[in-house]
Amino acid sequence: MACTKQCVPFQGTAEQEAELKSVIAQLKDTQGSLMLVMQKAQGIYGYLPVEVQTMIAEGMDVPLEKVYGIATFYSMFSLFPKGRHRISVCLGTACYVKGSADILAEITKEIGIDAGECTADTKFSLDSCRCVGACGLAPVMVIDEDVHGRIVPAQVKGILAQYE
């Protein structure tokens with residue numbers, strides 16, 4: 001089910017918005033609290049879409065560009081939703097040398113999204129990382145908290161089927 005980063009529509013609830021507004025009200029007058037508000041917003045929504053960034057900017061009385069700049073500078077923030085099952089493929093040296101780029105390509109083929117994207121049904125999101133600390137199991141992919149090591153592209157479909 002192919003999807004670009006933009007295709008999963010924002011689905012915030014009134015309860016989430018009220019929670020974010022409460023956080024903003026508590027921290028608005030605290031100097032240097034913008035990043036904390038953004039962290040709490042990501043905890044509420046799971047990511048920071050433009051709709052949430054706008055609420056933060058307006059509530060904190062800062063330019064939207066400042067919120068966006070922070071959200072794109074720090075890797076802990078995500079501008080796009082994550083799937084129920086989060087897949088991460090290690091592209092660190094040991095994994096890369098042992099074929100992790102082929103693993104990533106096979107996952108992309110199977111679920112129809114690129115790294116940094118989420119399937120339209122929000123079942124899977126796909127990312128790459130530099131090292132998961134399991135070099136002895138290279139190549140490695142992690143799905144949720146499960147580490148799958150010493151895999152070859154032919155195993156990808158079967159591994160993904162475990163998460164259907």
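Two notes on ground rules. The model is predicted, so local features need pLDDT of at least 70, side-chain atom pairs count only at pLDDT 80 or more, and totals for chains, interfaces and linings use all residues. Residues are numbered from 1 along each chain as its sequence is written, and side-chain values use heavy atoms, with hydrogens and water left out.

Let's start with the whole chain. It has seven helices and five strands. Those are DSSP runs, numbered from the N terminus: helices are H or I with at least four residues, strands are E with at least two. Along the sequence the order is α-α-α-α-β-α-α-β-β-β-β-α. The C-alpha trace spans about 55 × 30 × 25 Å along its principal axes.

Now burial. Of the 164 residues, 41% are buried. Buried means under 20% relative accessible area, exposed means over 50%, and partly exposed is in between, with a 1.4 Å probe and protein chains only. The accessible surface is about 9000 Å², and carbon and sulfur atoms hold 53% of it. That area comes from the Shrake-Rupley method with a 1.4 Å probe.

Contacts next. A contact is heavy atoms within 4.5 Å. Take the contacts with a separation of 6 or more: 63% of them join residues 24 or more positions apart.

Charges. There are 14 positive and 19 negative side chains. Lys and Arg count as positive, Asp and Glu as negative; His and the chain ends are not counted. The centres of the two sets lie 6 Å apart. Each charge is placed at NZ of Lys, CZ of Arg, CG of Asp or CD of Glu.

On to the sheet. In what order do the five strands lie? The order is E2-E3-E1-E4-E5, in an open sheet with mixed pairing. E2 and E5 are the edge strands, each pairing on one side only. Two strands pair if DSSP finds at least two bridges between them.

E1 covers residues 85-90 and E3 covers 124-129; they pair in the parallel sense over six bridges. Within that pairing, Ile87 has Leu126 of E3 as its bridge partner. Arg86 stands opposite Ser125 in E3.

On to E2, residues 117-118. E2 runs antiparallel to E3, joined by two bridges. Cys118 has Ser125 in E3 as its bridge partner. The hairpin of E2 and E3 has five residues between the strands, and there Thr122 takes a positive phi near 55°.

Two other residues have a positive phi without being glycine. One is Asp61, near 60°. Asp61 sits in the loop between helix H3 (50-60) and helix H4 (64-73). Is Asp61 buried or exposed? Asp61 counts as exposed, because its relative accessibility is 64%. Another is Asp144, with phi near 55°. Asp144 lies in the loop between E4 and strand E5 (146-149). At 30% relative accessibility, Asp144 is partly exposed.

There is also a cis peptide bond. It runs from Ala138 to Pro139, with omega near -5°. Pro139 is in the loop between E3 and strand E4 (140-143).

Back to H3, the helix that Asp61 follows. Which residues of H3 are buried? They are Val52, Gln53, Met55, Ile56, Ala57, Gly59 and Met60. Their cover includes helix H1 (14-27), helix H2 (34-45) and H4.

First up is Ser78, in the loop between H4 and E1. Ser78 counts as buried because its relative accessibility is 12%. Its side chain reaches the backbone oxygen of Phe80 at 2.7 Å. Leaving out residues up to four places away in sequence, Ser78 touches Gln42, Tyr47 and Leu48.

Then Ile151, in the loop between E5 and helix H7 (156-161). Ile151 is buried, at 5% relative accessibility. What does Ile151 contact, apart from its neighbours within four places in sequence? The partners are Ile103, Pro139, Met141 and Ile159. Pro139 is the residue at the cis bond.

Conventions: Polar contact = N/O pair within 3.5 Å; in protein donor to acceptor, adjacent residues only side chain to side chain.
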